[in-house]
Amino acid sequence: MQCDVCKDNVATVHLTEIVNGKITEIHICQACANKKAQEIKSQFSISDLISGLTNLNSMSKKDILVCKICGLSYEEFKKIGKFGCGDCYAAFNEEVKYLLRKIHGSSQYKGKFPKMKMSADFSLPSRLKELRKYLDRAISLEEYEEAARIRDEIRVIELEINKQSESK
Amino acid sequence: MKIDEFFSVLRSGEWLRGTGSYSDIVISSRMRLARNIKGFPFSAKISQPQKKEIISKVDSSLNQAKFSKPLFLFLMDDLNDLDRQFLMERHLVSLEHTQDPQGKAIFISKDETISILVNEEDHLRIQVIKSGFDLPLVWDVVNNIDEKMSSALDYCFSPDIGYLTSCPTNVGTGLRASVMVHLPGLIMTKRINRILELIAKLSFTARGLFGEGTQALGNFFQISNQVTLGSSELEIIENLTSIIKQLRSQEEEARADLLLKHKLNLENKIWRSFGILQNARIIDSAETLQHLSLLRLGVDLGIIKGISYDMLNALFIITQPAHLQKLHGKVLSVQMRDALRASILREKLVIT
């Protein structure tokens with residue numbers, strides 16, 4: 001079999017690619033395969049896609065956004081296509097929501113929630129905020145038992161916050 | 001523990017046993033959850049000491065969880081290139097996990113159905129793989145592991161957008177559900193492209209044999225969800241289930257058509273493939289996959305008898321480069337591998 005690219009050498013490498021949901025087969029020689037490998041390296045990757053998407057949302061002044069926790073800038077995010085830490089999502093909030101709608105067609109989470117637990121590093125007000133979201137969700141899903149449990153927990157935290165502010 | 005003590009090279013993992021429903025067309029069902037731990041930077045910004053800390057946190061969370069199946073830890077930088085490739089050939093680690101192994105780890109169950117990748121693109125990639133078509137069962141197992149681990153680990157999570165991941169394409173459920181299917185009929189009848197287009201329209205995607213960025217070899221495809229936000233885990237599973245059911249009936253239809261209209265041609269192809277596998281003295285891995293695929297079709301259709309799925313599936317795995325070298329006990333050149341592969345095939349494909 002002849003090489004599909006140079007038509008000179010015998011094809012020894014056989015590639016099957018799925019591009020846009022279509023299968024294509026190519027048969028090439030070792031020399032052309034090496035060239036092809038280089039091409040693939042420089043090909044479109046997920047980070048290109050992301051930076052392409054973010055560019056659509058012209059945001060020149062937003063490019064100076066920086067996540068205060070890990071130091072990743074929005075500019076850097078566009079280049080690597082990956083966030084530096086969980087706080088980047090809040091730091092780039094608006095841009096992230098736009099991007100997620102572009103990627104997933106939605107920016108609304110509908111999956112499961114992790115087990116709730118009180119961790120020492122949670123400040124009470126942020127815990128309260130989170131619990132209220134859990135509560136809304138439980139109500140919207142008509143999980144009333146869960147909602148009642150969360151409501152009780154909210155009451156405890158509210159009392160705790162009141163106690164703390166009185167003692168100050 | 002050493003890789004060689006843990007695995008039996010000739011024996012494939014549970015997911016390749018060829019059991020379970022739809023096992024003529026569906027090889028395996030797999031799910032992975034991407035999770036990150038609060039208070040640590042993601043892979044792009046994490047330091048080596050932080051990676052170590054994560055491995056030990058995960059280790060203790062697993063000890064606390066007390067799973068019925070014990071998980072064994074391997075540090076990727078303790079392994080050599082051959083070991084790492086061996087793990088990839090068994091679908092236990094991703095391509096990404098074998099590259100730049102520093103600070104990466106994997107926990108594996110003895111039957112190879114559970115593998116937890118630590119410090120890949122996300123802190124945790126919890127993976128469960130089973131033979132045949134059973135997404136609800138796989139979800140039960142992976143969800144149970146996730147729930148147990150989450151009581152010891154604080155995950156990065158937002159009630160609005162779900163589990164936070166390194167790459168925005170995984171945010172939300174962090175779930176990638178995929179089913180490995182063997183579709184020689186759809187390929188031979190050239191109906192595959194139309195079907196892959198339809199799958200893409202439903203936000204599902206077809207990948208090659210080893211997942212992201214790999215080739216579609218031997219008529220095998222991994223069908224998986226592309227979108228992780230906006231649908232719940234169960235919706236993703238339901239949609240994938242209905243796609244696979246459709247694919248299966250389309251593949252069956254294609255096979256029936258081939259038998260009806262091109263029976264002699266089909267039998268000719270299958271027997272020739274069998275002949276090559278039984279007689280070749282030198283054979284590369286791509287050619288092996290191609291002929292094994294046709295042989296599998298021959299077994300599916302009852303044209304070839306006396307070969308078990310277990311054996312066929314094992315051959316798909318042990319004829320890969322790292323497995324051959326493990327069997328032989330040392331590094332082999334390409335030419336030597338091609339000769340060894342041919343001799344193993346000849347030895348195993350004797351019908352008794």
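How many helices and strands does the secondary structure of chain B come to? The points below take up that question and then move on to the sheet, the cores and the contact between the chains.

1. The model is a predicted one. In chain B, the secondary structure comes to 13 helices and ten strands. The radius of gyration of this chain is 21 Å, close to the 20 Å that the globule rule gives for 352 residues, so chain B is as compact as a globular protein of that length. Taken along the principal axes, the box filled by its C-alpha atoms is roughly 65 × 45 × 35 Å.

2. Of the 352 residues in chain B, 49% are buried. Among the contacts in chain B with a separation of 6 or more, 70% are between residues 24 or more positions apart.

3. Eight strands of chain B form an open sheet, and their order is β2-β3-β4-β5-β1-β8-β10-β9. The pairing in this sheet is antiparallel. At the edges stand β2 (71-75) and β9 of chain B; each has a single partner strand, so one side of each is left without a neighbour in the sheet. On average, and with direction ignored, neighbouring strands of the sheet are turned by 20° against each other.

4. One position to look at here is B:Leu71, which stands opposite B:Ser109 in β3(B).

5. Strand β10 (residues 220-225) of chain B has β8 and β9 beside it in the sheet order. Strand β8 (residues 175-182) of chain B is joined to β10(B) by five bridges, and the two run antiparallel. In this pairing B:Ser178 is opposite B:Ser224. Strand β9 (residues 204-207) of chain B pairs with β10(B) over four bridges, also in the antiparallel sense. There, B:Arg207 is opposite B:Gln222.

6. Is β10(B) mostly covered or mostly uncovered? It is mostly covered, with six of its six residues buried. On one side of the strand are B:Phe220, B:Gln222 and B:Ser224, on the other B:Phe221, B:Ile223 and B:Asn225, and both faces are covered. Helix α7 (residues 192-201) of chain B lies across β9 and β10 of chain B, and runs at about 135° to β9(B).

7. The largest nonpolar core has 89 residues. Those with the most contacts inside this core are A:Cys88, B:Ile106, B:Val181, B:Ile223 and B:Leu240. Leaving aside residues up to four places away in sequence, A:Cys88 touches A:Cys67, A:Cys70, A:Leu72, A:Phe77 and A:Phe83. Another core, of 18 residues, lies apart from the largest one and includes B:Leu277, B:Ile304, B:Leu315 and B:Leu345.

8. The contact between the chains takes 40 residues from chain A and 45 residues from chain B. On the side of chain A that touches chain B, at least two residues each come from β1 (13-19), β2 (22-28), α2 (46-56), α5 (93-104) and α6 (124-140) of chain A. Of the elements of chain A, α5(A) gives the most to this side, with five residues. By type, the residues of this side are 18 nonpolar, 13 polar and nine charged.

Definitions and conventions: Residues numbered from 1 in each chain as written. Chains lettered and ligands numbered in written order. Predicted model: local features only at pLDDT ≥ 70, side-chain atom pairs only at ≥ 80, totals over all residues. Buried ≥ 20, exposed ≤ 12 C-beta atoms within 10 Å, placed from the backbone. Pairing = 2+ DSSP bridges. Rg over C-alpha atoms; globule rule 2.2 N^0.38 Å. Contact = placed C-beta atoms within 7 Å. Nonpolar A, V, L, I, M, F, W, Y, C, P; charged D, E, K, R; others polar. Axes fitted to C-alpha atoms, helices over the stretch in contact; angles between N-to-C directions. Core = buried A, V, L, I, M, F, W, Y, C linked by C-beta atoms within 7 Å.
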